[in-house]
Amino acid sequence: MVNQEQILRYIQNIPPAPFIVKQTLDYVRVGDLTKAAKCAEEDPALKFYLKTLVNRPIYGFRNEVSDLAQIFTILGISTAQQILYNYLLTLLAPKNWGLFHLKTQQFYDLQASLSRKWVKILSHLGLLTHDTESAITLLPASIIVCDALFGEYKSEVEQLRSVKALDYNTILYRLTKMSLFDICTEIGQKWELPPAISRIVHASSGLDQEVDEKEKTLAKWMHLLLFYELSQNAYVEAGLNEFIEFQIEFVQDIYESFMQVVEYDESDR
Amino acid sequence: MRATVKGRIAIFHPQGFLDGNNAPSFLTIDDIKATEALNIDMLLVSLKKVIFFNKNGLDVFIRLLDSIRSHKHIAVGLCDYDSAKFATINKFYGSTLTFSLFRTEKIAELFVPSNKNDSKTVLLYNEDASQRSAMAIELFDYGHNPVIAQSKKEFEEKKQNPDLYYAIIEETYLGLFGQKIATRVTGNAIIYTIANFLDAEITDTFNIAYHNNSLNVGFRLFIFDAYKVVSMNVHALNFFTKLASSAAEYNASICFVGLTFEKTPITFKNDLEDAGIMFFDQMEDILKNKELLQELGGSSATSSKHTRTLTKALIQELPGFIDATVSTIAMMTNAQALKEAMNIQTLEIKNPQNQYASSIGFYGDLDGMIILIFPKDIAKKACELLIGEENEDEEVILDSLAEFVNIIGGRAKALLGEKKHRVDITLPRTYANVDSLLEMAQHKKGVQVDLRFEGSNFIFFLTR
């Protein structure tokens, strides 16, 4: 099964952030969206990603938006930064998922849906900043890592799970003393993400003991948001509902507010 | 989503939100088929990790539970909920509740047969007197000792001393129960409780799979507690006659205790005696008579008059069984177990102290039993993935060892299946000390393989 060498190999093979993406991010961070758009033009894959993403129904634009300068202006600094991080993550995502029955487009939709709802949550909490908004982008890395590490051990995990309801994160930690969220932190470091992002995502496992109050609040909301999304049909069918353990006590006190923020309507369910 | 099987209970563990939109996604057609094929006595849905559910969502699971209960005669229900969830479930289903509710998985386990010989003292309260009685009877029939609180006040008082009880049963409800015959283990004897009028229905209510399991893992004495039987007809007679014939193949004994023949033809008694079934007036006549117990096979299996020999077909499959064991250890620990020696012999344990043992049987096209004997620290290491770090609780370690051999049994079954040998596996059995295993297995001839893992030896033994 998965061992430490395999994890180290995986971490070593995480590609650094491409130069153009890094430079675009630098321009975004200092608020120069025009230069950012110009820079992004040089990477056709990035350009295609941004155009496709912004024109998905979830962003709600009536007419197609194709000009990068226009896209960056529409997005604004925070969202542009968030989307660039999302793009970085797609570079890590597999073309064919091995463990989860997930299609590339479904993964993009998950990223987009998490990002949109996260902004709502941050606004509700009054904690919306460039970095907090981007924090959510690293979360789906845990899914990518899980698929990469366990893809070849699918039948072994099924056998284990036939006798005990163990989630992938617990299995990984017990075998290697590293969690999926530890590996996310490594990814964050490699891509030079602000350390606060990695800390919040790590705490969103619901298992960290020492976390400062603000980050703990964000981690709770992130944990519940993740399970809200992973309870959607497509992700349940993909097998994502079982990938980490839902820490129900961790989020119990925010549950009522969460349902209001995501506007959960029970009447049509 | 697949159910997790522990002993005779299978449990679904959905997480997050459960509503009418997403609930069907938890159960694919393959999941439903796999659940229907399980050899279990109880099927439950755990709400432990569900933060929100509505009736539409629960109904999807309830429909599956109802369908499986109706054709497999097993108990079904929900478990692992808090008071708020219990109130919500009652609000949804109220008086139409047909399935059971068990506040915890631990409580549910008290209502199914197991291989364990341990009577648990439990505190029980339900404001509905008929529920209280039904639960008390079931618990008693499964060999437990229910302390029944007759009022809420008495319950609250008794609850102040939780250490006195293995479990405190409240907010629990027995729906249409599995109607299976209750089963308990006493020493090396299995006791089935039968009641009322026995007719053709006994073929449905008697758990033949569990009975076969018990025969295969070495139980040799089966007692029918028949104090509450009024009468039986010819179909029930035929059933018991057949059961006695199959038990004879294993040199096992079947006894009836407390059966009167006021309303049952006395000729039935003769027929049953001819089939090898014995009759006793009181349970103590057997259980308190050590000599008789030994003669009947209830003190150990060593009293068997003959041992079953290994077959060529079984030995041919030996590499597969060893591979299943070695690969399971590799999977659970990321360490290799190496084969050191292999002999056909009776079981020989050089240092029986400080060892745990576990066994699992299989039957069908091939039959036999795999026994594993580990030094305690190695057993803990092998099960670390299942129990987490540094767990010293012996019961937890033994439970995990049972899960461990269950995986090995599952792998062996799959390997045999690839060669077109259809077999079923029994419930695993664990031994906190090797002496009780030796009572059952020391005269059996088998293949003993000494394996080395993490610097210590452990034993793999394949026998019949």
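**Close-up views of a two-chain predicted model**

**View 1. The sheet of chain B has five strands.** The sheet is open, pairing is mixed, and the strand order is E1-E2-E4-E6-E7 (chain B). Strands E1 (4-6) and E7 (100-102) of chain B stand at the edges, each with a single partner strand, so one side of each has no neighbour in the sheet. From one strand to the next, the twist averages 30° (axes are lines fitted to C-alpha atoms, for helices over the stretch in contact, and angles run from 0 to 180 degrees between N-to-C directions). Two strands pair if DSSP finds at least two bridges between them. Strands (E, at least two residues) and helices (H or I, at least four) are DSSP runs, numbered from the N terminus. This is a predicted model: local features need pLDDT of at least 70, side-chain atom pairs count only at pLDDT 80 or more, and totals for chains, interfaces and linings use all residues. Residues are numbered from 1 along each chain as its sequence is written, while chains are lettered from A and ligands numbered from 1 in the order in which they are written.

**View 2. Strands E4 and E6 of chain B run parallel.** Five bridges join E4 (residues 42-46) to E6 (residues 75-79) of chain B. B:Ser46 stands opposite B:Cys79 in E6(B). Strands of a sheet pair through backbone hydrogen bonds, either parallel or antiparallel.

**View 3. Strand E14 of chain B takes part in two β-α-β units.** E14 (residues 253-257) of chain B is mostly covered, with four of its five residues buried. A residue is buried if 20 or more other C-beta atoms lie within 10 Å of its own, exposed if 12 or fewer, and partly exposed in between; C-beta atoms are placed from the backbone. E13 (residues 221-232) of chain B runs parallel to E14(B), joined by five bridges. B:Leu221 stands opposite B:Ser253 in E14(B). With helix H10 (residues 234-249) of chain B, E13(B) and E14(B) make a right-handed β-α-β unit. Right-handed means that, with the strands pointing away from the viewer, the path from the first strand over the helix to the second runs clockwise. E15 (residues 278-280) of chain B is also parallel to E14(B), through three bridges. Here B:Val257 stands opposite B:Phe280 in E15(B). E14(B), helix H11 (residues 266-274) of chain B and E15(B) make a right-handed β-α-β unit.

**View 4. Chain A meets chain B.** The contact takes 28 residues from chain A and 30 residues from chain B. Residues are in contact if their C-beta atoms, placed from the backbone, lie within 7 Å. On the chain A side, helices H9 (154-163), H10 (168-176), H13 (213-230) and H14 (233-237) each give two or more residues. H9(A) gives the largest share, six residues. By class, this side has 13 nonpolar, seven polar and eight charged residues. Ala, Val, Leu, Ile, Met, Phe, Trp, Tyr, Cys and Pro count as nonpolar, Asp, Glu, Lys and Arg as charged, and the others, Gly among them, as polar.

View 5. A:Glu263 sits in the segment after helix H16 (255-261) of chain A. A:Glu263 counts as exposed, with 8 C-beta neighbours inside 10 Å. B:Asn334 lies in the loop between helix H15 (318-333) and strand E16 (338-346) of chain B. B:Asn334 counts as partly exposed, with 16 C-beta neighbours inside 10 Å.

Technical notes
Contact = placed C-beta atoms within 7 Å.
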